[in-house]
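Dear colleague,

I am passing on the structure we spoke about, and I would be glad if you could look through it alongside the notes that follow.

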Amino acid sequence: MAVLDLEEQEQLEDFKRWWSRHGNAIASVVIAICVAYLGYQGWRWYSAGHAEAASVLYGAVSEGVRTNNIAKSKEAMTQLVDRYSGTPYAPRAALLYAKALWDSGDKVGARAQLQWVLDHATDAELLQVTRYRLAEAWLDEGKSDEALKLLDAKTDDAFAGVYADLRGDALAAAGRTDDARKAYEIALAKLDARSPYRNFVEVKFQALGCGT
């Protein structure tokens, strides 16, 4: 029994010496792991809170657009930009708000919102929709060159037809008839043959003196 006590005592002394050499380092690692875990949990909570608050404001912008309440949309949009511009809700809300401004006659404000989306959005589909709408807005102002800059961007195949069609409009407005014909040809090739929209493009193509 005494031998066991002696062995236990030696083991305890060995452990004390080992801990004196390595204890601080181990404690630091444990503390770092705990801090990282708590930080991760905190970030999850923070992100979830941000997303929830941003979604509420997005809903307010959407409701304002639906009811033609520009003031309500503007107030919610301002808060979204100020507090939650990094969330996916902000650019989507700005796209809605841009339409409301355009419909109300504030074309300058609408273009500013669309440009904000281009500067802040990361979703590829959202960016392609926004480029198209901003190109439409510039073309409406007679700025065909500005429209063409946006329409020259690479797009997914799903957007190729409508982009080519609007590009044809911009080229025609700029007096570049031959280039407009080529753009409409691309649009006709990309659009569904059964689509009523394709028939509309065909009319414009024929108006330039082209056959089908």
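Please keep in mind that this is a predicted model. Just after helix 3, Gly105 takes up a positive phi of about 100°, and from there I worked back into the helix itself. Helix 3 is made of 16 residues and reaches 23 Å from its first C-alpha to its last, which is close to the 22 Å expected at 1.5 Å a residue. Its buried residues are Ala90, Pro91, Ala93, Ala94, Leu95, Tyr97, Ala98, Ala100 and Leu101.

Helix 3 packs with helix 2 at an angle of about 150°, the two axes lying 10 Å apart; because angles over 145 degrees count as roughly antiparallel, helix 2 is roughly antiparallel to helix 3. The crossing of these two helices is left-handed. On the side of helix 2 the contact is formed by Ile70, Ser73, Lys74, Met77, Leu80 and Tyr84, while helix 3 contributes Tyr89, Ala90, Ala93, Ala94, Tyr97, Ala100, Leu101 and Ser104.

The residues buried in helix 4 are Gly109, Ala110, Arg111, Gln113, Leu114, Trp116, Val117 and Leu118. Helix 4 itself, residues 107-120, has 14 residues and spans 20 Å from first to last C-alpha, close to the 20 Å expected at 1.5 Å a residue.

Definitions and conventions:
Residues are numbered from 1 along each chain as its sequence is written. This is a predicted model: local features need pLDDT of at least 70, side-chain atom pairs count only at pLDDT 80 or more; totals for chains, interfaces and linings use all residues. Side-chain values use heavy atoms; hydrogens and water are left out. Helices (H or I, at least four residues) and strands (E, at least two) are DSSP runs, numbered from the N terminus. The expected span of a helix is 1.5 Å times one less than its number of residues. Buried means under 20% relative accessible area, exposed over 50%, partly exposed in between (1.4 Å probe, protein chains only). Axes are lines fitted to C-alpha atoms, for helices over the stretch in contact, and angles run from 0 to 180 degrees between N-to-C directions. Angles under 35 degrees count as roughly parallel, over 145 as roughly antiparallel, 65 to 115 as roughly perpendicular and the rest as oblique. A crossing is left-handed if the near helix is turned anticlockwise from the far one by less than a right angle, and right-handed if clockwise. Contact means heavy atoms within 4.5 Å.
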